[in-house]
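Please look over the protein shown below with its charged side chains in mind.

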Amino acid sequence: MAKSPKTDERKLEMKRILLAATALSIAAGAASAMNNPTELSNVDRSEIKRLVPNADLSNLTVAQVQALQSVIYSEENAKGGQIRAILN
């Protein structure tokens, strides 16, 4: 029996859907990993070290990470003092 053109089109369409769903799930996983509030990104660490060169960024709590991120992305002045207060 010969395959109908409709069957081939359906298989191709199913493959496209599966590929798109796989790509979407990979992208969503990567995006959620970037928003992990329990760790500072390298960019965040660099900015904190620029403002407070001797800052100890080891063993931070989730609350400290979130507070530090809030400070470095704020428009406020005296960020160095705020960072020191969070770390002490």
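Which residues does Lys 79 touch, not counting residues up to four places away in sequence? Lys 79 touches Leu 51, Val 71, Ile 72 and Ser 74, where contact means heavy atoms within 4.5 Å.

This is a predicted model, in which local features need pLDDT of at least 70 and side-chain atom pairs count only at pLDDT 80 or more, while totals for chains, interfaces and linings use all residues. Residues are numbered from 1 along each chain as its sequence is written, and side-chain values use heavy atoms, with hydrogens and water left out.

Lys 79 is placed in helix H4, which covers residues 79-87; helices (H or I, at least four residues) and strands (E, at least two) are DSSP runs, numbered from the N terminus. Lys 79 is buried but has no salt bridge, and the nearest side chain of opposite charge, that of Glu 47, is 5.3 Å away. Here buried means under 20% relative accessible area, exposed means over 50%, and partly exposed lies in between (1.4 Å probe, protein chains only). For charge, Lys and Arg count as positive and Asp and Glu as negative, whereas His and the chain ends are not counted. A salt bridge requires a side-chain nitrogen of Lys or Arg within 4 Å of a carboxyl oxygen of Asp or Glu.

The side chain of Lys 79 does reach the backbone oxygen of Ile 72, at 3.3 Å. Such a polar contact is a pair of N or O atoms within 3.5 Å; within protein, one must be able to donate a hydrogen and the other to accept it, and residues adjacent in sequence count only if both atoms are side-chain atoms. Ser 74, one of the residues that Lys 79 touches, is found in the loop between helix H3 (62-72) and H4. Ser 74 counts as buried because its relative accessibility is 17%, and its side chain reaches the backbone nitrogen of Glu 76 at 3.4 Å.

**Salt bridges**

Side chains of opposite charge can pair when their charged atoms come close.

| Salt bridge | N to O distance |
|---|---|
| Arg 16 and Glu 13 | 3.9 Å |
| Arg 50 and Glu 47 | 2.8 Å |

Arg 16 and Glu 13 both lie in helix H1 (residues 5-34), three residues apart, which is about one turn of the helix. Glu 13 counts as partly exposed, at 40% relative accessibility. Because Arg 50 and Glu 47 are three residues apart in helix H2 (residues 42-51), about one helical turn separates them. Arg 50 is exposed, with a relative accessible area of 56%, whereas Glu 47 counts as partly exposed at 24%.

**Loop residues with positive phi**

Asn 59, which is not a glycine, has a positive phi of about 55°; Asn 59 lies in the loop between H2 and H3 and counts as exposed at 75% relative accessibility. Ala 78, also not a glycine, has a positive phi of about 60°; Ala 78 is in the loop between H3 and H4 and is exposed, with a relative accessible area of 58%.

**The whole chain**

The protein has four helices and zero strands. Of its 88 residues, 20% count as buried. Among contacts between residues at least 6 apart in sequence, 51% join residues at least 24 apart.
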